[in-house]
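Work through the exercises below with the sequence and the model in view. Try each task before reading its solution.

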Amino acid sequence: MSPATETTAAPAASEPRKYAAAVANPKVLRRELSLSERLFFVPFMRALAYTFSRMFQKDVTRRYPEQKMEIKPSLHGVPVLVMREDGSPRCVACGLCEFVCPPRAIDIEPGETDRVIERAPKEFVIDMLRCIECSYCEEVCPEEAIVMSTDYEVVGRRREDFVWDLKRLLKPVAALQARLEWVRRTYKRWDLKGENAPPPDGVFRDPRWAGRERPDEHH
Amino acid sequence: MSGASDATTRPPALSERTVTFQDLPDRPSDSGDLHSERMELSMGPQHPATHGVLQCKLVLDGEKIVSLDPVVGYLHRGKEKHAEAMTYQQFFTLTDRLDYLQPLANEVGWALAVEKLAKIEVPARAQAIRTIICEFMRLSAHLVWAGIGGVDTGAVSMFMYAFRDREALFDLMDELTGLRTNQEYIRIGGVGADLSPELVLKMKRWVADFPKHVDEFELLLTGNKIFHDRMRGVGTITAQQAIDLGITGPCLRACGVAVDLRRARPYLIYPQLEFDVPVGTRGDAYDRYLVRIEEMRQSAHILEQLLDALPAGDWIAKDWKNVLPPKGRVYTSMEEMIHQFKTVTEWCPPKGEVYVATEAANGELGFYLVSAGRSHPYRVKIRAPSFVNLQALRPMTEGGYFSDVVAVIASLHFIMGECDR
């Protein structure tokens, strides 16, 4: 039933000149209805037969609360913070995600620690009612500290339930492994041979500065 | 026989509370014609057939429309003003919500404007991926149009079939971008993630099936007498009127004016692709339907070509000054760390202004951008096709019948998110 096309001449000269003239454009076919179509019965039965034939095909819908959708590593759930082995956040409170967040859902209160990595967030709050799950925070994070989780069902009874604090946001690495691998694979961009994991202890090491890191006891 | 007993047991009769025929004012019978009193009717903003929050103030003479006054602005969110307080990358999230049926196509329009101003070269693979998603978004928008247009004209089952395909399309977009709608996938200089070979295969499968599904839509609509009677000769507009009003997109092409920006002012890799620009002959609602149906086939044809010959290479520009550096180096090298912070917080195109228009599903979607050389745009003007096409509602409906308003709105298919901005 595809509409046959017929070629027409170039558009008339009265049409605006500022556009490049399209040489040949097919005109969509307007056909008159045939007698059987005007009597309505035959097309009606054909459409009905089509609808009935759908009954014997596989369902395309999902029974949602029971059947969850397939989780792909590219899925953007809500952003969460990655936990170090000692339970502290990887985050160094640089504030870049706070800056880039388009709906301004992130609020960081920076603090200092006595460890080698001197900075850590005293408080880190994400308002999940504001978050649009765009993954900009994950993309800009220089520490691989904030990533998108697979958790796309955020529910609560009060507004306060959606304001997640540091304790609620921190997730162990094991729970985020698939997404972390996706992040390392994707954000290396054109640098296909480059190292993409941050150092395990999170300490900055430029190869050009090898052996010149400040020793721990200075802190 | 039982009437008398009912009158005693029932509450006061309904006729005592309602206005009876005798209460109505006298008809103006002295003029001799059959014109009744004019009636003002407000349709919307919560009317299900007005595609969002459009209010139509109608003046009716019986069934005939004397005048139609569309009231826009119920969905105004001040996006153009918001842009002045956002970085260039952040504004992508708002362009998504312009025409929410084709979020990625809006993002591509904005990216092209910013890249033209900043003179960024986008690699071939990124351009091909952008073209692919532009065509997918055109299909997504046209599928909603087919479904909702079917519902508006009485073919309720069309909604199921159109949304079945749209859901499958969203599954593909979900796998590519991580979100089903409002994807935030385009970056300045490229796209957000690569298109994997497995996903290309899935897309090919979807595209191979799609023309069959368009045939099914036509089986349900094109030969249907009810649909014919609702659409034929309804909302007719001449080519001259359409050009005068500034209408673009399928609504203009249905009048017989073959203007498609993919051909007229080519962008991305459209010049290398083979496709037809279908045009109509009479400019009525039925022509707009036929043009959109044919555009769906052409989009599927474009997608076939692109998916078969997707160029290899980078999916984001290798441009250290304009694009975020590779993440691995940010972790270990101070220079790239500084680049990362500078690019996010201070990136700006040079001073200047630029206008870039793309062919969105509804017509010419243009971004006019003025940069003062700062990290926020100085001024952004969005030329929204829905807003301009909405002007045609009045010449299309006035003088027609009231029941045709719904068919005209369905065939124009403006999106109020884009119209009100």
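**Exercise 1.** Find the residue that stands opposite B:Leu60, and describe how the two strands concerned pair.

*Solution.* Step 1: B:Leu60 stands opposite B:Ile65, which lies in β3(B). The model is predicted, so local features need pLDDT of at least 70 and side-chain atom pairs count only at pLDDT 80 or more, while totals for chains, interfaces and linings use all residues; side-chain values use heavy atoms, without hydrogens and water. Residues are numbered from 1 along each chain as its sequence is written, with chains lettered from A and ligands numbered from 1 in the order in which they are written.

Step 2: Strand β2 (residues 55–61) of chain B and β3(B) are antiparallel, with 7 bridges. Strands are DSSP runs (E, at least two residues), as helices are (H or I, at least four), numbered from the N terminus; two strands pair if DSSP finds at least two bridges between them.

Step 3: B:Lys57 has B:Asp69 in β3(B) as its bridge partner.

Step 4: The hairpin of β2(B) and β3(B) has 2 residues between the strands, and B:Gly62 takes a positive phi near 70 degrees there.

**Exercise 2.** In what order do the strands of the open sheet in chain B lie, and which are the edge strands?

*Solution.* Step 1: The order of the 3 strands is β1-β2-β3, with antiparallel pairing. Step 2: β1 (39–43) and β3 (64–71) of chain B are the edge strands, each pairing on one side only. Step 3: Direction ignored, neighbouring strands are turned by 20 degrees against each other on average. Step 4: β1(B) and β2(B) are joined by 5 bridges, and B:Leu41 stands opposite B:Leu58 in β2(B).

**Exercise 3.** Why is β2(B) said to be largely enclosed?

*Solution.* Of its 7 residues, 5 are buried, so β2(B) is largely enclosed by the rest of the structure. Buried means under 20% relative accessible area, exposed over 50%, and partly exposed in between (1.4 Å probe, protein chains only).

**Exercise 4.** Is A:Arg62 buried, partly exposed or exposed, and which residues does A:Arg62 contact beyond its neighbours within four places in sequence?

*Solution.* Step 1: A:Arg62 sits in the loop between α2 and β3 (79–82) of chain A. Step 2: Its relative accessibility is 41%, so A:Arg62 counts as partly exposed. Step 3: Leaving aside neighbours within four places in sequence, A:Arg62 is in contact (heavy atoms within 4.5 Å) with A:Gln67, A:Lys68 and A:Met69.

How values were computed: Axes fitted to C-alpha atoms, helices over the stretch in contact; angles between N-to-C directions.
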